[in-house]
Amino acid sequence: HSGKAGCAVLGFEVKRGGGVEAILAKYHKHHPALLLNKEAKPHVYKTAKGEVLVGEVFAYYSSKDPSKADPGTAIRFIEFKDDVSHRFLPGFESVDMKMIQYPEKNFPAYCDHWVSNVHDRKGFLSTLNDVLGFTPKVDFNAGVVAAGEAIIESTVTGNASEPMINKEQALKSHAQVYLPTNNALSEVGHVHLFLDQLGQGIQHLASRVSDVVSFVALVNERREITGHGFSFLNIPRSYYGRFDKDDLINGKVVDTKVSPALAEAVTTALVEAKLMTPAGVVDLDINPEVIAGAVKKFLAEKGGVISKEYDSAKVKEAVAQTVSRARYLNLYKLLREHFSEQTYLNIVRNKVLVDIQGNDVLFQIFTCNILQRDSNDESPFLEFIQRVCSECNGADGKPLPIRPGCGGFGIRNFLTLFLSIEVSKAMRQYEKSIETKDVKGEEIASKRVKILTAQLEESNPVLTAISDAMTAEADARALMETCTNEEERSKHAKEAEGWKAKKLKGNQLLQEISDRYKQKMREVREEEEKASKSG
């Protein structure tokens, strides 16, 4: 990729019957500057079983001269003709699978989407529409993807694909193509630095696996044993849930309320026993007996009247359940009884991101940078996802088709990813400052980590509310399509508009949070610049 470590080529297989030639003809008509072969003809490879046609174009236009191509990344279109059923490029040969020994535990991965960082997002989207007919599917505006001063916009574009027949096809099929595309709106942050250091190119590659929680656990286990393998972004525990004494006072988790005094005592007891941080992050290995032991010990010393309140079996159960569920409360609010407690804890322990769209669930996790020569360099990374598609039956009792991309693209998680990248960078700066005994650098990096983490913690409930509103709006609009009379249709239309208004209100609030933390990060940057000049 432009002479640097990265992804140089994106490859797509096209349908037989002149698919490559038709695509190259469209490039020749609309975007001739992007053609590698100016004659717009594919290269033909002869094989024992037939011909393979390969056509190549540059992916993006140059930011310095928009009339010319950016040579950093190419798109390769491949068409297998005749009896090339084995789908191998020339030079590759099929092998007997019985001769290959895979580890007992392994997870085949299937391509889901590829994300580009570009200078001209709208221009790239327009090119894809001109030659491939791709259309936008989802937009992430600046309010959703702002981490301190780092602000970007993103659009997911893709082709039109037929619904899938079953879960296996939804996992393995490559018929649906998605190409999310980012551009930077500020001169700080990951996307800006990526473009500055590497140029336009593939930010990350996303692949589907059948069980992402087990996959991540396996990767983590093997890395710990061997010392090799990639690691994942550090997602703050607050993303999954935290304990709030108001949940006990108001009976929000269990339908039993406790007095403010007891709620305060439970909070203090758990913090003093180091079972919970002052911010409300509860130890993952906590259990009802440990909770009861810590609370009883505290009340024995300072309890008084509230000791009698806690002696109630109903109250004790309410405390245990509220504290225990706080470890994954945000996930539970999204998914309820969809998963067992153990599954929830495995998700939290392995720091997997979760989102929901309608009745579909999306699991996501992102690796730290790969192909990185220096810890301060930007570089690509990988994403692994699991789309848990709902399986519903129609009025005839037969299973309904599964729509491509079920579970969406994690609008609730987009900011989490963006902030986590920035937090990881600040942590690297912090560690390097300690190593070089740079006291001021250590202080600056620490401030950045705290600000970005605080932004994520404040944004999380707003993101959840936006996600809930989006799901409810989609459900209401789906019900509109099934209505048999105008009165019912009008009722659901009103509900949909109400949820849409809440979604927009959430976006506005998220923008306000973003602006506030952007100012805080600007102040830290100015402090760093001032220290650099005086030093």
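A residue counts as buried under 20% relative accessible area, as exposed over 50%, and as partly exposed in between. These classes are applied below to a predicted model.

The protein contains 15 helices and 13 strands. For a chain of 535 residues, a compact globule would have a radius of gyration near 24 Å, and the value for the protein, 26 Å, agrees with this. The C-alpha trace spans about 90 × 75 × 55 Å along the principal axes. Buried residues make up 48% of the 535 residues. When contacts between residues at least 6 apart in sequence are considered, 68% of them join residues at least 24 apart.

Charged side chains number 70 positive and 73 negative. The centres of these two sets lie 1 Å apart.

Helix α12 covers residues 341-349, and its buried residues are Y344, L345, I347 and V348. Viewed down the helix axis, the buried residues of α12 fall within an arc of 155°, so they line one face of the helix. The partners against which these residues pack include both helices and strands: α5 (212-226) and α11 (329-335) on the one hand, β11 (353-357) and β12 (360-366) on the other. After α12 comes K351, which has a positive phi, near 55°.

A positive phi also occurs at R336, with a value of about 50°, although R336 is not a glycine. R336 is located in the loop between α11 and α12. The relative accessibility of R336 is 46%; because this lies between the 20% and 50% limits, the residue counts as partly exposed.

K437 is placed in the loop between α13 (411-435) and α14 (439-482). The relative accessibility of K437 is 70%, which is over the 50% limit, so K437 counts as exposed.

How values were computed. Residues numbered from 1 in each chain as written. Predicted model: local features only at pLDDT ≥ 70, side-chain atom pairs only at ≥ 80, totals over all residues. Heavy atoms only, no water. Helix = DSSP H or I, 4+ residues; strand = E, 2+ residues; numbered from the N terminus. Rg over C-alpha atoms; globule rule 2.2 N^0.38 Å. Buried < 20%, exposed > 50% of the residue type's maximum accessible area, 1.4 Å probe, protein only. Contact = heavy atoms within 4.5 Å. Lys, Arg positive; Asp, Glu negative; His and termini not counted. Charge placed at Lys NZ, Arg CZ, Asp CG, Glu CD. Arc of directions from axis to C-beta.
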